[in-house]
Amino acid sequence: MYLNHFISLVLGFLTLTIIYKDRPSLKPALTLLLSWGVGLGISVYLTFLSFILFKTFHPEKIYLFHGILFLGLFLGAFPTYKRHFKRIPHILFETINQRLFDALTWIFWTILLCLTYMVTEGHTFGEWDAWGMWNLKTKFLLLSAQPFEDIFHNLHWHTHPDYPLFLPFLNTWVYGLSSTDLHPIPLYTAIIFTLACGILLYLGLLQFIPKIPAFIAGALLATNPFFGYQATAQYADVQIGFYLLAGFILMVDSLSTKKPQSFFLFGIILGFMTFIKNEGILMMLFLTGLTLLSFGKEVFQHKRVLLWFFLALGLTFIPTLYFKTFLAPPNDDILPNFAWSNLRHYRFMNLQIFFTSTFQELTHKKWCWIWIFSLSALLLNLPKLIFEEKCRGLFLFFVIYFFAIAAIYTTNTNISISWWLESSLARIIFSLLPSLLFLIFYSYWHKPKNLNHL
Amino acid sequence: MKILQRKTLITIAAVVLIPFNLFYMYVYIMKNLSQLDPMFAQPGFQFANFQEELKGVKRVGFLTNKNITREDNDGHYLQAQFILAPTILELNNNNHEFLILDYTHQYFVFYMIKTLNLKPIDDTGYMKVLAVYKDQ
């Protein structure tokens with residue numbers, strides 16, 4: 001199981017080496033963590049490819065694809081390694097350095113790993129959608145002798161056959177040649193991603209702000225008990241939270257450095273997000289639009305970097321496009337009955353229910369007041385969020401996304417809105433929490449070029 | 001200076017919240033550990049007995065009178081689908097060799113067995129029955 005995570009890490013690291021060559025703009029530890037995220041995305045796509053070609057689970061073919069890609073990436077990265085061979089031990093040393101604060105940080109994350117594992121004791125098989133949808137589909141991928149298209153056409157529609165299959169393919173890849181029971185695989189995937197969100201928040205902020213507030217942000221997220229509970233529910237929401245946070249980090253890095261390499265990696269992450277959940281497609285569209293808007297009138301002067309961005313996004317969006325075009329049935333929940341008569345009858349009441357439920361959810365004590373803290377911090381810093389270029393884009397994402405979610409909830413007439421909010425709203429806002437904390441701490445601590453007027 | 005004051009407030013609030021979070025995480029973990037049921041089994045354990053008999057079977061009918069709406073969370077149907085995967089369970093479709101009967105009361109089970117002329121081949125202690133047609 002851990003071997004496959006390592007293989008993905010190596011693939012991702014080789015990919016980032018080829019992208020950045022001699023000009024890395026990210027710190028080594030962040031590069032390593034993003035390598036793992038990118039590598040997992042690549043492994044998921046290779047697994048998906050093997051199912052498209054061979055219809056059922058063929059682990060040897062999945063490993064063959066990984067081997068071929070590894071060779072190609074290694075040959076591509078070899079010139080860079082040859083030039084910087086002597087620096088590799090220094091990079092590794094810098095990553096696993098011996099300064100006291102960093103040592104304490106890594107001890108903290110190790111303790112948190114144990115605590116996160118203990119949190120899962122309350123739901124080792126995950127929550128409802130874990131066994132009713134995600135792990136169910138994983139079982140079909142791994143065990144069925146029938147073509148995997150059965151998942152989309154023959155399972156009951158309550159299993160959401162239109163949902164992308166990032167998490168089931170991820171668990172399928174991690175299972176690999178393992179002869180163990182299936183049960184630990186999604187459990188450990190959830191634990192690893194839970195911790196990875198906290199570490200990514202810390203390392204991502206470390207790229208832009210001092211060490212101590214970066215650590216406080218990561219610790220604040222990772223120690224939140226309800227965040228831990230939701231993240232270990234074995235749903236795909238923690239994956240989308242992780243990749244959205246990675247997208248935020250890379251968006252800020254890209255807009256700061258204006259390097260084609262950063263935009264390329266940013267495009268890759270956005271593409272992966274679209275294959276995790278349907279919300280990922282919305283997030284990708286909003287972040288792409290906000291990136292273009294941030295260039296303003298100078299957008300045509302940066303054609304080269306945008307070309308790399310759209311190239312990467314296009315490449316990693318192809319699997320989602322294939323999935324939505326040829327495999328998945330239409331989604332029942334998003335604007336299914338967009339008829340004026342229905343909207344006139346339901347709109348106001350649904351809006352009222354939505355806003356009331358959102359308020360109740362954000363102020364509920366189960367969140368240990370993290371939302372009250374976050375929204376207060378946003379309000380106190382509102383001028384900077386609106387007027388500063390990089391913060392504005394990230395802040396507008398949350399505003400637009402909130403109204404998009406409101407529109408989806410209030411225009412659906414398939415199921416009771418109260419039930420839908422009760423069963424899904426916590427998960428929707430949970431996936432936004434890492435990125436929101438990133439925005440808050442980044443906006444307070446980073447030093448923009450023109451600070452004098454603030 | 002104003003920024004520094006806001007920053008200080010946010011830092012203090014965040015630093016206060018961390019041990020608060022850790023305390024409630026500890027409470028949650030202790031509560032779970034004290035309530036652990038050694039007999040706890042995976043979702044769909046009520047149908048686990050049928051796994052051997054249904055190995056290699058592509059489709060099975062799942063007959064039930066329980067509420068199968070999303071709001072009422074599908075009764076036990078999705079749990080059965082999970083534990084018996086990759087066998088596909090077709091809800092309330094009796095055009096299959098094997099049928100699983102899951103009803104709210106045993107009288108309904110007996111009624112369906114008699115009406116459809118079924119022969120029970122296995123059952124669990126949870127009033128779930130696996131049956132085939134008598135004339136097969």
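Helix 5 and helix 10 of chain A pack at an angle of about 5°, and their axes are 12 Å apart. This is a predicted model, so please keep that in mind throughout. Two packed helices are described by the angle between their axes and the distance between the axes. Angles under 35 degrees count as roughly parallel, and helix 5 of chain A and helix 10 of chain A are therefore roughly parallel to each other.

Which residues make the contact? From helix 5 of chain A they are A:Phe101, A:Asp102, A:Thr105, A:Phe108, A:Trp109 and A:Leu112. From helix 10 of chain A they are A:Lys211, A:Ile212, A:Phe215, A:Gly218, A:Ala219 and A:Ala222. Sorted by class, that contact has eight nonpolar, two polar and two charged residues.

Now to charges. Side chains of opposite charge can pair when their charged atoms come close. A:Lys211 and A:Asp102 form a salt bridge, with 3.9 Å between the closest N and O atoms. A:Lys211 sits in helix 10 of chain A and A:Asp102 in helix 5 of chain A, so this pair ties together parts that are 109 residues apart in sequence. Over all chains, the count of salt bridges comes to twelve.

Next, the interface. How many residues of chain A are in contact with chain B? The number is 49, and they meet 44 residues of chain B. The size of an interface is often given as the accessible area lost when the parts come together. Here the area buried between chain A and chain B is about 4600 Å², and carbon and sulfur atoms give 74% of that. Across this interface there are zero salt bridges, while five residue pairs are in polar contact between chain A and chain B.

On the side of chain A that touches chain B, several helices supply at least two residues each, among them helix 5 and helix 10 of chain A. The largest share, eight residues, comes from helix 6 of chain A. By class, this side of chain A has 30 nonpolar, 15 polar and four charged residues.

Last, two backbone details. Most residues other than glycine have a negative phi, and most peptide bonds are trans. A:Lys55 has a positive phi, near 70°, and lies in the loop between helix 2 and helix 3 of chain A. The peptide bond from B:Ala85 to B:Pro86 is cis, with omega near 15°. B:Pro86 is in the loop between helix 2 and strand 2 of chain B.

Notes: Residues numbered from 1 in each chain as written. Chains lettered and ligands numbered in written order. Predicted model: local features only at pLDDT ≥ 70, side-chain atom pairs only at ≥ 80, totals over all residues. Heavy atoms only, no water. Contact = heavy atoms within 4.5 Å. Buried area = accessible area lost by both parts, 1.4 Å probe. Salt bridge = Lys/Arg side-chain N within 4 Å of Asp/Glu carboxyl O. Polar contact = N/O pair within 3.5 Å; in protein donor to acceptor, adjacent residues only side chain to side chain. Helix = DSSP H or I, 4+ residues; strand = E, 2+ residues; numbered from the N terminus. Nonpolar A, V, L, I, M, F, W, Y, C, P; charged D, E, K, R; others polar. Axes fitted to C-alpha atoms, helices over the stretch in contact; angles between N-to-C directions. Parallel < 35°, antiparallel > 145°, perpendicular 65-115°, else oblique.
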